[in-house]
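Here is a short report on one chain. Please look over its sequence and structure first.

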Amino acid sequence: MSGKVCSSNSVVQARRVVEQLRVEANIDRIKVSLAATELVQYCQDHRRSDPLITGIAASSNPFKDKKTCVLL
């Protein structure tokens with residue numbers, strides 16, 4: 001009985017793997033060179049609003065220390 005249960009589980013698991021592979025095989029893909037070109041274009045189009053490039057104004061920086069720490 002245990003052998004049949006194991007065999008049944010492995011068949012179910014194999015079917016799940018096959019189904020996942022079918023899903024992945026049907027995914028639309030684009031060439032890396034095209035994706036890289038689009039990514040560069042997007043970055044260039046949005047660089048003015050990117051805080052990593054333009055920086056954050058000191059008055060609106062939520063991470064700025066509110067208090068100074070003085071060591072004695």
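The notes below go from the whole chain to single residues.

## Model and confidence

This is a predicted model: local features need pLDDT of at least 70, side-chain atom pairs count only at pLDDT 80 or more, and totals for chains, interfaces and linings use all residues. Residues are numbered from 1 along each chain as its sequence is written, and side-chain values use heavy atoms, with hydrogens and water left out.

The mean pLDDT of the chain is 85, and 90% of its residues reach 70 or more. Here pLDDT is the predictor's confidence in each residue, from 0 to 100. Among the elements, helix H2 (residues 32-45) has the highest mean, 95. Helix H3 (residues 51-54) has the lowest, 82. Where pLDDT is low, predicted coordinates should not be read in detail.

## Fold and dimensions

The chain holds three helices and zero strands. From the N terminus on, the order is α-α-α. Helices (H or I, at least four residues) and strands (E, at least two) are DSSP runs, numbered from the N terminus.

The radius of gyration is 27 Å, whereas a compact globule of 72 residues would have one near 11 Å. That radius is taken over C-alpha atoms, and the globule rule is 2.2 Å times the number of residues to the power 0.38. Along its principal axes the C-alpha trace spans about 75 × 45 × 15 Å.

## Surface and charge

Of the 72 residues, 0% count as buried. Buried means under 20% relative accessible area, exposed over 50%, and partly exposed in between (1.4 Å probe, protein chains only). The chain exposes about 7,400 Å², with carbon and sulfur atoms supplying 59% of it. These areas come from the Shrake-Rupley method with a 1.4 Å probe; for residues, only the protein chains shown count as cover.

There are 11 positive and 7 negative charges, and their mean positions are 7 Å apart. Lys and Arg count as positive and Asp and Glu as negative; His and the chain ends are not counted. Each charge is placed at NZ of Lys, CZ of Arg, CG of Asp or CD of Glu.

Val12 sits in helix H1. Val12 is partly exposed, at 36% relative accessible area. Its C-alpha atom is 51 Å from that of Ile53, 41 residues apart along the chain.

Arg29 lies in the loop between helix H1 (2-25) and H2. Arg29 counts as exposed because its relative accessibility is 62%. Its side chain reaches the backbone oxygen of Glu24 at 3.0 Å. The C-alpha atoms of Arg29 and Ser10 are 31 Å apart, with a sequence separation of 19 residues.

## The segment after H3

Gly55 belongs to the segment after H3. Gly55 has 40% relative accessibility, so this residue counts as partly exposed. The C-alpha atoms of Gly55 and Val18 are separated by 48 Å, and 37 residues along the chain.

Lys66 is also placed in the segment after H3. Lys66 is exposed because its relative accessible area is 72%. Between the C-alpha atoms of Lys66 and Asp45 there are 34 Å, for residues 21 apart along the chain.

Note on methods:
A polar contact is a pair of N or O atoms within 3.5 Å; within protein, one must be able to donate a hydrogen and the other to accept it, and residues adjacent in sequence count only if both atoms are side-chain atoms.
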